[in-house]
Amino acid sequence: MSARAQTVRLSPAQHRTLAGFARQRGLSEYAMLARVVDTGLATLVQGTGGGIDAREIVTELASVGTRIVDVERMLDRALFTACAAYCYARSAASGVRKSDAILTEEITAAYNRQRGLARETRP
């Protein structure tokens, strides 16, 4: 069986992408195009993963959401602990003895400031 020549028209964006992949892999653009065609045909023959169950995806997304909430809680605790360490260290470095009530107010203020700054930087 012999190979057949085909003409392929690429948009400028497709050509840039193909050329970039070819450079990364040390291939000619022609060789990279052949790989793209081989991979594309194999995907079409094998199917595109139509066997994926939507319930499975929803379950995984819910699991990720739960983990993100746990990470947010942990980061929130770490932020509060860092603010407390900062306020206690600053108090100790100044040499002025402050009561725990005053330090607690300073810690809470520093924590709230940092939380506010984090909210401001969101897009």
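1. Contact here means heavy atoms within 4.5 Å. Helices (H or I, at least four residues) and strands (E, at least two) are DSSP runs, numbered from the N terminus. This is a predicted model, in which local features need pLDDT of at least 70, side-chain atom pairs count only at pLDDT 80 or more, and totals for chains, interfaces and linings use all residues. Residues are numbered from 1 along each chain as its sequence is written, and side-chain values use heavy atoms, with hydrogens and water left out.

2. Let's start with helix H1 (residues 12-25) and helix H2 (residues 29-46), which pack at an angle of about 105° with their axes 9 Å apart. Axes are lines fitted to C-alpha atoms, for helices over the stretch in contact, and angles run from 0 to 180 degrees between N-to-C directions. H1 and H2 are therefore roughly perpendicular; angles under 35 degrees count as roughly parallel, over 145 as roughly antiparallel, 65 to 115 as roughly perpendicular and the rest as oblique.

3. Which residues meet there? On the H1 side look for His 15, Leu 18, Ala 19, Phe 21, Ala 22 and Arg 25, and on the H2 side for Glu 29, Met 32, Leu 33, Arg 35 and Val 36. This contact divides into 7 nonpolar, 1 polar and 3 charged residues. Ala, Val, Leu, Ile, Met, Phe, Trp, Tyr, Cys and Pro count as nonpolar, Asp, Glu, Lys and Arg as charged, and the others, Gly among them, as polar.

4. Now find H3 and helix H4 (residues 100-120), whose axes are 9 Å apart at an angle of about 130°. That angle makes H3 oblique to H4. Residues making the contact include Phe 80 and Tyr 88 of H3, and Leu 103 and Gln 114 of H4. The H3 and H4 contact residues comprise 10 nonpolar, 2 polar and 5 charged.

5. The largest nonpolar core has 6 residues: Cys 83, Ala 84, Cys 87, Ile 107, Ala 110 and Tyr 111. Such a core is a set of buried Ala, Val, Leu, Ile, Met, Phe, Trp, Tyr and Cys residues joined through side-chain atoms within 4.5 Å. H3 and H4 are the elements that give two or more residues to this core.

6. Finally, compare two residues of H3. Asp 70 lies in this helix (residues 54-94) and is partly exposed, with a relative accessible area of 40%. Ser 91 is also in H3, but is buried, at 9%. Buried means under 20% relative accessible area, exposed over 50%, partly exposed in between (1.4 Å probe, protein chains only).
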